[in-house]
Amino acid sequence: MKPTPFDYTAPRTVGDALALLADDSRDAKVLAGGQSLIPMLNMRLARPEVLVDITRIPELGRVVVDSDGCLRIGAAVRQSRAAADPAVRDGWPLLADAIGLIGHPQIRARGTVCGSLAHHDPAAELPTAALALDARFVVAGPRGTRTVEAADFFVATFATAVEPDELLTEVVFPPLAARHGRAFEELTRRHGDFATVGVAVLLERDPASDTVRRARVVCCGAGPTPVRLTAAEAALTGSQ
């Protein structure tokens with residue numbers, strides 16, 4: 001099938017993109033990597049009247065570690081670029097691990113980190129990693145800019161806290177403890193398929209006692225949103 005007719009526009013500023021999304025006269029969808037949106041268009045599951053391509057907005061294409069030690073990834077950053085960035089690999093390796101499990105290299109070369117988070121397939125790896133890493137989401141809209149914690153961002157299957165006239169501009173990952181361990185494992189029928197189920201584990205160790213100071217255990221494919229296994233976290237905390 002082919003998509004229904006639509007207009008295409010590529011704003012150069014966040015303000016211009018928000019103006020297009022706030023236009024009630026036409027249904028608009030944000031286009032970044034398009035790895036989820038384009039198949040939906042082709043199957044006519046989505047029928048927007050205009051696509052707003054945000055990949056030419058310079059401020060959305062950054063991967064930086066700010067003065068507080070937080071990793072900030074803009075909405076136009078490709079998954080492959082984020083995974084290859086030395087700051088991500090060294091400081092947030094669980095995120096790099098999660099990206100490496102997404103589909104195939106061709107998908108990661110086009111798909112964006114924020115695009116997967118905003119799309120929020122409950123079987124996807126990045127929402128699970130974001131919850132495990134206590135990510136924060138910066139959302140811009142006509143009412144200003146707000147920050148949403150990961151625990152509040154994922155609302156339901158394919159639904160997040162981002163309103164139709166808002167734009168997820170970046171995701172922020174706080175710094176991890178110097179001593180931490182991690183794993184991301186998933187079960188798939190074939191390589192590159194969506195996970196039947198997956199689990200991300202992050203352990204931070206107390207340097208004084210050499211015990212687990214903080215634990216995060218989060219599953220994908222186990223519900224309409226990423227699921228924290230708080231009982232497992234409690235059992236791991238304080239262990240050696």
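Which backbone nitrogen does the side chain of T160 reach? The side chain of T160 reaches that of V162, at 3.2 Å.

## About the model

This model is predicted: local features need pLDDT of at least 70, side-chain atom pairs count only at pLDDT 80 or more, and totals for chains, interfaces and linings use all residues. Residues are numbered from 1 along each chain as its sequence is written, and side-chain values use heavy atoms, with hydrogens and water left out.

T160 sits in strand 9, residues 159-160. Strands here are DSSP runs of E with at least two residues, helices are runs of H or I with at least four, and both are numbered from the N terminus. T160 has a relative accessible area of 16%, so T160 counts as buried (under 20% relative accessible area; exposed is over 50%, partly exposed in between; 1.4 Å probe, protein chains only).

T160 is in contact (heavy atoms within 4.5 Å) with L117, A118, H120, F153, F154 and V155, leaving aside its neighbours within four places in sequence. V155 belongs to strand 8. With the neighbours within four places left aside, V155 is in contact with T160, A161 and T225. V155 and H120 are 35 residues apart in sequence. Their C-alpha atoms are 9.0 Å apart in space.

## Aromatic pairs

The whole structure holds 3 aromatic pairs. Rings of Phe, Tyr and Trp (its six-membered ring) pair if their centres lie within 6.5 Å; planes under 30 degrees apart count as stacked, over 60 as edge-to-face and the rest as tilted. One of the pairs is F137 with F154, edge-to-face, at 5.6 Å centre to centre and 85° between the planes. This pair links distant parts of the chain, 17 residues apart: F137 lies in strand 6 (residues 136-141) and F154 in strand 8 (residues 154-156).

F153 and F154 also form an edge-to-face pair, at 5.2 Å centre to centre and 90° between the planes. F137, F153 and F154 make one aromatic cluster.

## The largest pocket

The largest pocket holds about 1400 Å³ of space. A pocket is found on a 1 Å grid over the protein atoms alone, as an open set of points where a 1.4 Å probe fits, with protein on both sides within 12 Å along at least five of seven lines; lining residues have an atom within 4 Å of a point. Its volume is the space filled by probe spheres set on the points.

The lining counts 50 residues, with S36, L37, G115, A118 and H119 nearest the centre of the pocket. Helix 7 gives the most, with 5 residues. Strand 2, helix 2, helix 7, strand 9 and strand 10 each supply at least two. By class, 25 of the lining residues are nonpolar, 14 polar and 11 charged. Here Ala, Val, Leu, Ile, Met, Phe, Trp, Tyr, Cys and Pro count as nonpolar, Asp, Glu, Lys and Arg as charged, and the others, Gly among them, as polar.

Helix 5, residues 93-100, is mostly covered, with 6 of its 8 residues buried. The buried ones are P93, L94, L95, A96, A98 and I99.

D23 lies in the loop between helix 1 and strand 2. D23 is partly exposed, at 33% relative accessible area. D23 and D165 are 142 residues apart in sequence and 8.2 Å apart in space, C-alpha to C-alpha.

Methods
A polar contact is a pair of N or O atoms within 3.5 Å; within protein, one must be able to donate a hydrogen and the other to accept it, and residues adjacent in sequence count only if both atoms are side-chain atoms.
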